[in-house]
Amino acid sequence: FLLKAFDQVATKNPSAQLVIAGVLAEKDYYAALLRYVASSPNKDRISIRVDLPQHELLDLYSHAVIFALHSQEESQGIALVEAMGAHLPIVATQVGGIPFVVKDNETGLLSEYTDIDTFANNLQELLSNTAKRQFMAETAYKEAQKYTWKQIADAIRALFNQL
């Protein structure tokens, strides 16, 4: 669905690029992604990077302007927090734990799973509205600070102190 949304966005943004990064867990799914990219009119603007070391992933974040996750299910979403910590606004689906991490219209834009048109419009909105993108990036960074190891440890400690 992300690839289909990118194809919509790419027609309006000739310089847009999509980098998909993740862990290679399902070879059949990966093969399907490669087939889609090969048939896309934007195949030269899409790259798929798998099993990257942390420093390379952080480098990708530093060159990105938006982090997009069109997920069917997601628990807490550590990748979202990492991206927010890298000053990236989020475009994602409102499934599972995502809405608890990404605040719609504050740290990113959310849409329903499979709603490719809204997802594409959300990407386009942030690509075309620099002020909104920068506001959400800064707000996302501040929100990500709630997920530092120190914050988590302090919250757990506080819970135990209440017992």
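A crossover counts as right-handed if, with the strands pointing away from the viewer, the path from the first strand over the helix to the second runs clockwise. Helices (H or I, at least four residues) and strands (E, at least two) are DSSP runs, numbered from the N terminus. The model here is a predicted one, where local features need pLDDT of at least 70 and side-chain atom pairs pLDDT 80 or more, while totals for chains, interfaces and linings use all residues. Residues are numbered from 1 along each chain as its sequence is written, and side-chain values use heavy atoms, leaving out hydrogens and water.

With that settled, β1, helix α2 (residues 27-39) and β2 form a right-handed β-α-β unit. Its strands, β1 (residues 18-22) and β2 (residues 46-50), run parallel and are joined by five bridges; pairing takes at least two bridges found by DSSP. Across from Gly-22 sits Val-50 of β2.

Then there is the largest pocket, with about 1,800 Å³ of space. A pocket is an open set of points on a 1 Å grid over the protein atoms alone, where a 1.4 Å probe fits, with protein on both sides within 12 Å along at least five of seven lines; lining residues have an atom within 4 Å of a point. Its volume is the space filled by probe spheres set on the points, which are joined across faces, edges and corners. Of the 48 lining residues, Leu-2, Ile-20, Ala-21, Ala-68 and Leu-69 lie nearest the centre. Elements giving two or more residues to this lining include β1, α2 and β2.
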